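User: Hey, I'm new to this one. Can you walk me through it?

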Amino acid sequence: MTRRRVGGLQGLGGLTVNGFLHAAALVGSAGVSAVDFADLALGCFIPTVVGQTLAAQAPAPDDRNYPGALGTTEMNLNALEHIAHTSVEQGVHSGQPRLMKEIAERGIAEGHGGDNYMAVFEILKRR
């Protein structure tokens, strides 16, 4: 395995764990244990939503093709705004969802509002 692939997997792992930790803190503010949340995340959400979405959408960044028929960056921005607001409301650190919201806003400003969320790749790939 090449160094770049290993680095990419390390980045994916770190961001995935940080996403889980933020989500666990958020649901924890409502009394849900991290163990119960992990069961839901690992048993349902990650394999059916994340896994299937990535498998289906992996060609999109290579093809620069982001059809928004099943969801748009604009729609995801609404969800990110809600997560950031709820985090603040619940006293949970909001830096991660605010950063994701800013990236989505930039994508929309650059014309990707009607594209699916995979279009934020165009923002992330820049140096």
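Predicted model: local features only at pLDDT ≥ 70, side-chain atom pairs only at ≥ 80, totals over all residues.

User: Okay, at what angle do α1 and α2 pack?

Analyst: The angle is about 125 degrees, and the axes of the two helices are 9 Å apart. Angles of 65 to 115 degrees count as roughly perpendicular and those over 145 as roughly antiparallel, so α1 and α2 come out as oblique to each other.

User: And is the crossing left-handed or right-handed?

Analyst: α1 and α2 cross in a right-handed way.

User: Which residues meet there?

Analyst: From α1 you have Phe20, Ala23, Ala24 and Val27, and they meet Ala34, Phe37 and Ala38 of α2. That contact is made up of 7 nonpolar residues, with no polar and no charged ones.

User: Switching to rings: how many aromatic pairs are there?

Analyst: The count is 1 aromatic pair. Phe20 and Phe37 form it, with 5.6 Å centre to centre and 25 degrees between the planes. Planes under 30 degrees apart count as stacked, so this pair of Phe20 and Phe37 is stacked.

User: What does that pair tie together?

Analyst: Phe20 sits in α1, which covers residues 3-28, and Phe37 sits in α2, residues 34-57, so the pair links parts 17 residues apart in sequence.

User: Is Phe37 buried or exposed?

Analyst: Phe37 is buried, because its relative accessibility is 16% and the cut-off for buried is under 20%.

User: What about Phe20?

Analyst: Phe20 has 28% relative accessibility, so it counts as partly exposed.

Methods. Residues numbered from 1 in each chain as written. Heavy atoms only, no water. Phe/Tyr/Trp six-rings, centres within 6.5 Å; stacked < 30°, edge-to-face > 60°. Helix = DSSP H or I, 4+ residues; strand = E, 2+ residues; numbered from the N terminus. Buried < 20%, exposed > 50% of the residue type's maximum accessible area, 1.4 Å probe, protein only. Axes fitted to C-alpha atoms, helices over the stretch in contact; angles between N-to-C directions. Parallel < 35°, antiparallel > 145°, perpendicular 65-115°, else oblique. Left-handed = near helix turned anticlockwise from the far one by under 90°. Contact = heavy atoms within 4.5 Å. Nonpolar A, V, L, I, M, F, W, Y, C, P; charged D, E, K, R; others polar.
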